[in-house]
Amino acid sequence: MRRGLFLSLVLSGLILIGCERDRGVYAASGEYQPRPAPAEKKTAPPDIHGELMRVNVPKNTLMVRVENGMEQTFKFNNHTVVMGLNTSQAAVRNLVGREGSELIVRWRDDDGGKLADRVDVTQPVTNRRHRR
């Protein structure tokens, strides 16, 4: 009984001594340094696919309804390109009266707002009544 108690005390002491570390972790080539965290990559925002709801030319905005029913509002400027209409490149004001057209909007973040860089019209609608 004494021998078992003595052996368990010795083993417990050795375990405690082995776990005590006064210094950092060392690798074979020197002190261990963890890898730096990966740098945050700026990725382009995903393109928005949806239906054109309305174009507000005085406020330079267009509203698109996406698949889940949410409506996204985008700002546009003179550099915003519209593709897919009869002309090779058109201005956003040419979308007025084409509500219900299917669009793909390529955009970027602009001081908390969404600025449309390019609008691709995939299925243009020519009548003034838009579908729901």
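Modeller: One term before we start: a polar contact is a pair of N or O atoms within 3.5 Å, and within protein one must be able to donate a hydrogen and the other to accept it. Also keep in mind that this is a predicted model.

Biologist: Okay, which residue's backbone nitrogen lies 3.3 Å from a polar atom of the side chain of Glu99?

Modeller: Start with where Glu99 sits: in the loop between S6 and S7. Its relative accessibility is 14%, and buried means under 20%, so Glu99 counts as buried. The backbone nitrogen at 3.3 Å from its side chain belongs to Gly97.

Biologist: How do S7 and S8 pair, and which residue in S8 is the bridge partner of Asp110?

Modeller: Strand S7 covers residues 102-110, and its pairing with S8 is antiparallel, over 9 bridges. The hairpin they form has 2 residues between the strands, and Asp111 takes a positive phi near 55° there. As for Asp110, its bridge partner in S8 is Gly113.

Biologist: What about S6 and S8, parallel or antiparallel?

Modeller: S6 spans residues 81-83 and S8 spans residues 113-123, with 3 bridges joining them. One of the bridge pairs is Val82 with Val119 in S8. The two strands run parallel.

Biologist: Which elements give two or more residues to the largest nonpolar core?

Modeller: That core has 19 residues, and those with the most contacts inside it are Leu62, Phe74, Val82, Leu95 and Val105. The elements giving two or more residues to it are S3 (48-56), S4 (61-66), S7 and S8.

Biologist: Take Val105, then: what is it in contact with, leaving aside neighbours within four places in sequence?

Modeller: Val105 is among the residues with the most contacts inside the core. Leaving aside those sequence neighbours, its contacts are Asp47, Ile48, Val64, Phe74, Ala116 and Arg118.

Biologist: The structure holds 1 aromatic pair. Why does the pair of Phe74 and Trp107 count as tilted?

Modeller: The ring centres of Phe74 and Trp107 are 6.3 Å apart. Planes under 30 degrees apart would be stacked and over 60 edge-to-face. Theirs are at 55°, so the pair is tilted.

Biologist: How many residues apart are Phe74 and Trp107?

Modeller: Phe74 is in strand S5 (residues 71-75) and Trp107 is in S7, so the pair links distant parts of the chain. Phe74 counts as buried at 0% relative accessibility, and Trp107 is buried too, at 14%.

Conventions: Residues are numbered from 1 along each chain as its sequence is written. This is a predicted model: local features need pLDDT of at least 70, side-chain atom pairs count only at pLDDT 80 or more; totals for chains, interfaces and linings use all residues. Side-chain values use heavy atoms; hydrogens and water are left out. Two strands pair if DSSP finds at least two bridges between them. Helices (H or I, at least four residues) and strands (E, at least two) are DSSP runs, numbered from the N terminus. Buried means under 20% relative accessible area, exposed over 50%, partly exposed in between (1.4 Å probe, protein chains only). A nonpolar core is a set of buried Ala, Val, Leu, Ile, Met, Phe, Trp, Tyr and Cys residues joined through side-chain atoms within 4.5 Å. Contact means heavy atoms within 4.5 Å. Rings of Phe, Tyr and Trp (its six-membered ring) pair if their centres lie within 6.5 Å; planes under 30 degrees apart count as stacked, over 60 as edge-to-face and the rest as tilted.
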